[in-house]
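Subject: Structure for you to look at

Hello,

Please find the structure below, with the sequence alongside. My notes on what was found follow it.

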Amino acid sequence: MAAASPMESLQEEVTCSLCLDYFKDPVITACGHNFCRACLIRCWEGPGPAIPCPQCRAAVQQRHTRPNRQLANMVSIVQQLSLQAIQGAKGGRVCRAHQEPLKLFCEEDQAPICMVCDRSWVHRVHTVVPLEEAAQKYKGKIQAHLKTLRKEREKLLGWKVIREGRSQEYLKQIQAERQKIVAEFQQLRQFLEEQERLLLAQLEKLDKEIGRLQTDTVRKLSVQISHLSERIGELEGTCQKPASEFLQDVRSTLSRCETGPFQLPEEISPELDERVRGFSQKTTALSETLRQFTDTLPSALERARGQFLGAFRQGGPQASSHTERRNLDIK
C-alpha cells in the first residue's frame with residue numbers, strides 16, 4: 001500500500017471522524033479528541049448527560065468541551081492549499097464545493113459556477129450562460145463605462161492644467177506684490193529716517209544756539225556779581241573803621257556806594273522763541289500725522305481687499321483688473 005502524501009495526511013488530520021468532512025467549528029473534548037460542534041450536538045440529542053467518545057469511548061459531557069481555534073485555522077489553511085493544488089492540476093479556477101472547472105456563469109448570483117452547481121436545486125431556476133459568453137457581455141458593459149470614465153479623466157486633466165497654470169500666475173503675482181510691498185515700506189522707512197535726521201539736526205542746531213546764549217548770559221552775570229561782591233566787601237570794611245577814620249573820607253565812600261544801572265543779559269530773541277514754539281508744533285503735527293496714518297492704513301487695505309473680492313466674485317481676476325482700470329480712468 002502506497003504511503004500517503006503530506007497533503008493527504010494533512011487532510012486526514014483536519015477531517016472529522018463523524019461527518020468525514022473538514023472540521024466545522026471544531027471543539028476539543030476532555031479526552032483530547034476533536035469533532036465538529038454540530039456533530040457532537042447531534043450525538044447529545046439522545047438520553048443522558050454524557051455520550052461515549054466515538055474514538056476512545058470515554059464519557060464526553062458538553063460542559064467539558066471547548067473551541068479549538070488553532071485547529072480551525074489549520075482547516076482554513078489546508079482548504080486553501082487543497083484548492084490551489086486542484087487549480088494547478090486542472091489549469092484554472094475550480095469550484096470550491098465540487099473541485100470542478102468553472103465553465104458557467106449564474107446571472108442571478110453574478111458568480112461563476114461549475115456543471116455540478118448547475119444541476120443543483122440552487123441554480124436550477126437561475127439564468128445560466130457559458131462563462132465566455134458572460135465575459136464578453138460584461139466586458140462590453142465595462143468598456144462602455146471605461147469610455148465614459150476616460151472622457152471624465154480627460155476633462156479633469158484639462159481642468160488640472162488650467163488650475164495649475166492659474167495657480168502659477170497667482171504665485172507670480174503674489175511674488176511681485178511681495179516685492180512691491182517690501183520696496184514701498186523700504187522707501188517709507190528711508191523717508192521717515194531722512195525726516196528724523198532733518199528734525200534732529202535742526203533741534204541740535206537750536207540746542208547749540210540756546211547753549212551759547214546761556215553761556216554768554218551766565219558769564220556776563222558772573223562778572224557783574226563779582227564786581228558787586230567786591231564793592232560790598234569794601235564798604236563793609238569801611239563801616240568797621242573808627243568814627244574819625246570812617247568820616248575822614250566819607251564823601252569818597254558815598255561816591256563808591258552810588259552805582260549805575262546794571263546791564264541785564266540779552267533776552268531770548270523773538271525769532272529764537274518762535275523757532276522753539278515751531279518745533280513744538282512740528283512734534284504735534286508729526287504725532288497727529290502718524291496716528292492718522294496708523295489708523296487709516298489698515299482700513300484702507302481692508303477696503304481695497306473688499307473691492308477686489310467683490311470684483312473677483314463677479315468675474316474673476318480679469319474682471320477685477322478691468323474694474324481697477326475703470327476706476328483709474330475715472331480718477
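Phe105 stands opposite Pro112 in β7. Two strands are said to pair if DSSP finds at least two bridges between them. Helices (H or I, at least four residues) and strands (E, at least two) are DSSP runs, numbered from the N terminus.

The model is a predicted one, so local features need pLDDT of at least 70 and side-chain atom pairs count only at pLDDT 80 or more, while totals for chains, interfaces and linings use all residues. Residues are numbered from 1 along each chain as its sequence is written, and side-chain values use heavy atoms, with hydrogens and water left out.

The sheet around β6

β6 and β7 are part of an open sheet of 3 strands in the order β7-β6-β8, with antiparallel pairing. Its edge strands, each pairing on one side only, are β7 (111-113) and β8 (128-130). On average, neighbouring strands of this sheet are turned by 40° against each other, direction ignored. Axes here are lines fitted to C-alpha atoms, for helices over the stretch in contact, and angles run from 0 to 180 degrees between N-to-C directions.

Gln110 lies in the loop between β6 and β7. Its phi is positive, about 55°, although Gln110 is not a glycine. With a relative accessible area of 45%, Gln110 is partly exposed. The classes are: buried under 20% relative accessible area, exposed over 50%, partly exposed in between (1.4 Å probe, protein chains only).

Helix α5

α5 lies across β6, β7 and β8, and runs at about 90° to β8. The 109 residues of helix α5 (residues 131-239) should span 162 Å at 1.5 Å a residue, and the end C-alpha atoms are 151 Å apart, which agrees. The expected span is 1.5 Å times one less than the number of residues. Buried residues of α5 include Ala134, Leu206, Gln224 and Leu235.

The other sheet

A further open sheet of 3 strands has the order β2-β1-β5, also with antiparallel pairing. β2 (34-36) and β5 are its edge strands, each pairing on one side only. Strand β1 (residues 26-28) pairs with β5 in the antiparallel sense over 2 bridges, and the bridge partner of Val27 in β5 is Pro67. Helix α2 (residues 37-44) packs on the sheet and touches β1, β2 and β5; its direction makes about 85° with that of β2.

Asn68 sits in the loop between β5 (66-67) and α3 (69-90). Asn68 is buried, at a relative accessible area of 16%. Leaving aside neighbours within four places in sequence, Asn68 is in contact (heavy atoms within 4.5 Å) with Pro26, Val27, Ile28 and Asn34.

Arg57 is another residue other than glycine with a positive phi, near 65°. Arg57 is in the loop between β3 (50-52) and β4 (59-61), and counts as exposed at 56% relative accessibility.

Cores

A nonpolar core is a set of buried Ala, Val, Leu, Ile, Met, Phe, Trp, Tyr and Cys residues joined through side-chain atoms within 4.5 Å. The largest one has 16 residues, and those with the most contacts inside it are Val14, Cys16, Phe23 and Leu40. β2, α2 and α3 are the elements that give two or more residues to this core. Apart from it lies another core, of 7 residues, among them Cys95, Leu104, Cys106 and Cys117. Beyond its neighbours within four places in sequence, Val14 is in contact with residues including Phe23, Leu71, Met74 and Val78.

Met7 is in helix α1 (residues 6-13) and counts as partly exposed at 26% relative accessibility. Met7 and Ser82 are 75 residues apart in sequence and 7.6 Å apart in space, C-alpha to C-alpha. Neighbours within four places in sequence left aside, Met7 is in contact with Leu81 and Ser82.

The chain as a whole

The chain has 8 helices and 8 strands. Of its 331 residues, 15% count as buried. Among contacts between residues at least 6 apart in sequence, 39% join residues at least 24 apart. The chain exposes about 25900 Å², of which carbon and sulfur atoms supply 57%; accessible areas come from the Shrake-Rupley method with a 1.4 Å probe, and for residues only the protein chains shown count as cover.

Regards
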